[in-house]
Amino acid sequence: MNSYETVFILTPVLSEEQAKEAVQAFESEVKALKGKVSHSESWGLRKLAYPIQKKSTGFYFLTEFQAPGSAIGELEVMFKRDERVMRFLTVKMDKDHLAYAETRRARLGAKKKPAAEAEA
Amino acid sequence: MAQNDIRYLTPINIEIKKEKYCRFKKNGMKFLDFKDADYLLKLVNEQGKILPRRITGTSAKYQKRVNKAIKRARHLALMPYVADMLK
């Protein structure tokens, strides 16, 4: 089992509900591939630095999960087939990255605790 | 008579070389986050190009990480590939 971090961008044409559905689909896929989602985060609708598919905004989602290495290929294929996903990036987390993610989460948690609780 | 006795009205500026240092080594930063575009913006010029080691003083080890992080941020449209008047 390795730790991975995925950031993906969904098209802004989706409604909030549809976006949530897409995220849930991804998380259940991780679980189906014997993985475990440890943290997920929504950055909301953000402006892109340059247009992608002629769109200038997108829904950003960040997910940290543990999964066997063989699962990554399948997840990436899923992203490629999914028309809702404009961009994605999966990165394997080494120990420095894990430590950083820990502090980052603590920092974000301290900043907006009520929001995090509402999400949970 | 001293012919090559040049005198200046104001003392000429002799540039004192400031010692460069690697900011990541100094701060003990081990990991550079590609999600933190605001921080990475410090390491590019106003066209969005990555600043060379020659200018920032970053050590080779960390420059590799800087490059990787910036390229990842670009892929995710957190930073531009090309820009103008970024700063």
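Among contacts in chain A between residues at least 6 apart in sequence, what percentage join residues at least 24 apart? In this predicted model, the share is 75%.

**View 1. Overall build of chain A.** Chain A holds four helices and four strands, and, read from the N terminus, its elements follow the order β-α-β-β-α-β-α-α. The radius of gyration is 14 Å, close to the 14 Å that the globule rule gives for 120 residues, so chain A is as compact as a globular protein of that length. Taken along the principal axes, the box filled by the C-alpha atoms of chain A is roughly 35 × 35 × 25 Å, and 20% of the 120 residues of the chain count as buried.

**View 2. The open sheet of chain A.** Four strands of chain A, in the order β2-β3-β1-β4, make up an open sheet with antiparallel pairing. Because β2 (36–52) and β4 (85–92) of chain A each have a single partner strand, they stand at the edges, and one side of each is left without a neighbour in the sheet. From one strand to the next, the twist averages 20°.

**View 3. The pairing of β2 and β3 in chain A.** Strand β2(A) runs antiparallel to β3(A), residues 55–67, and the two are joined by 11 bridges. Within this pairing, A:K47 is placed opposite A:T57, which belongs to β3(A). Strands of a sheet pair through backbone hydrogen bonds, either parallel or antiparallel.

**View 4. Helix α2 of chain A against the sheet.** Helix α2 of chain A, which spans residues 70–81, lies across β1 (2–10), β3 and β4 of chain A. Relative to β4(A), the helix runs at about 165°.

**View 5. The nonpolar cores.** The largest nonpolar core has 22 residues, of which A:I9 and B:A73 touch the most other members. At least two residues of this core are supplied by each of β1, β2 and β3 of chain A and by α4 (60–75) of chain B, with β1(A) giving the largest share, four residues. Leaving aside residues up to four places away in sequence, B:A73 touches B:F34, B:A37, B:L40, B:L78 and B:M79.

**View 6. The contact between chains A and B.** Here 12 residues of chain B are in contact with 11 residues of chain A. On the side of chain B that touches chain A, seven residues are nonpolar, one is polar and four are charged.

Terms used. Residues numbered from 1 in each chain as written. Chains lettered and ligands numbered in written order. Predicted model: local features only at pLDDT ≥ 70, side-chain atom pairs only at ≥ 80, totals over all residues. Contact = placed C-beta atoms within 7 Å. Nonpolar A, V, L, I, M, F, W, Y, C, P; charged D, E, K, R; others polar. Pairing = 2+ DSSP bridges. Axes fitted to C-alpha atoms, helices over the stretch in contact; angles between N-to-C directions. Core = buried A, V, L, I, M, F, W, Y, C linked by C-beta atoms within 7 Å. Buried ≥ 20, exposed ≤ 12 C-beta atoms within 10 Å, placed from the backbone. Rg over C-alpha atoms; globule rule 2.2 N^0.38 Å.
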